[in-house]
Amino acid sequence: TREEVPTAGEVIVNGYNLSKLSRKQIPYMRRTMGVVFQDFQLLMDRSVEDNLRFVLKSTGWKSEADIAERISAALRAVGLTSKAHKMPHQLSGGEQQRVAIARALVNRPAILFAGEPSGNLDTRTKDEIHRLFFSLRDRFGQTIVIVTHDPELAKMCDRCLFMRDGQFVEDYLTV
């Protein structure tokens, strides 16, 4: 999300060259991506619906009808339409992660980044979240970049890149 600037070469994300990106362009580039955090990062003083509304309002959405449609579509995509008026503390960990995924999807980003998205979940819920990511990818055609230590999740991915000490390594056996 442009917290770091490349030290060599070019990094182009959704048409934005990160080496040449002005500070003014950063919010526009960020609107083309969604982020899912391991610890959900939900606003605990707001309902599920208001967590998603916050993202839309912060990114410039004005029409209440459009906002309502986006929220409804995102909650439908993650199977939480009945939880729209619940507060985060009223949800299970898996449901909170689904809200975090819906929040990342609400702007219909081209790329979804997920950092250890199932790290705080039990095995059954973890498997459900993994399947959800891949069904969303298939349904909406987004690129999903998942950073994980979970070899089972890595096996499900189309392409795996492995890192050791901040450097990409050729294959898993050298990790």
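**Close-up views of a predicted chain**

Of the chain's 175 residues, 39% count as buried, where buried means under 20% relative accessible area, exposed over 50%, and partly exposed in between (1.4 Å probe, protein chains only). This is a predicted model: local features need pLDDT of at least 70, side-chain atom pairs count only at pLDDT 80 or more, and totals for chains, interfaces and linings use all residues. Residues are numbered from 1 along each chain as its sequence is written, and side-chain values use heavy atoms, with hydrogens and water left out.

**View 1**
Helices (H or I, at least four residues) and strands (E, at least two) are DSSP runs, numbered from the N terminus. Read from that end, the order is β-β-α-β-α-α-α-β-α-β-α-β-β. The radius of gyration is 17 Å, close to the 16 Å that the globule rule gives for 175 residues, so the chain is as compact as a globular protein of that length. That radius is taken over C-alpha atoms, and the rule is 2.2 Å times the number of residues to the power 0.38. The C-alpha trace spans about 45 × 40 × 30 Å along its principal axes.

Contact means heavy atoms within 4.5 Å.

**View 1. Helix α4 covers residues 93–105.**
Its 13 residues reach 18 Å from first C-alpha to last, close to the 18 Å expected at 1.5 Å a residue. The expected span is 1.5 Å times one less than the number of residues. In α4, 12 of the 13 residues are buried, so this helix is largely enclosed by the rest of the structure. Among the buried ones are Gly94, Arg98, Val99, Ile101 and Leu105.

**View 2. Other elements cover the buried residues of α4.**
Two strands are included in this cover: β3 (33–36) and β4 (111–115). The cover also includes the helices α2 (48–58), α3 (64–77) and α5 (123–140).

**View 3. Asn107 sits in the loop between α4 and β4.**
Is Asn107 buried or exposed? Asn107 is buried, with a relative accessible area of 15%. Leaving out residues up to four places away in sequence, Asn107 touches Arg31, Val55, Leu56, Thr59, Trp61 and Arg70. Leu52 is 55 residues from Asn107 along the chain, and their C-alpha atoms are separated by 9.4 Å.
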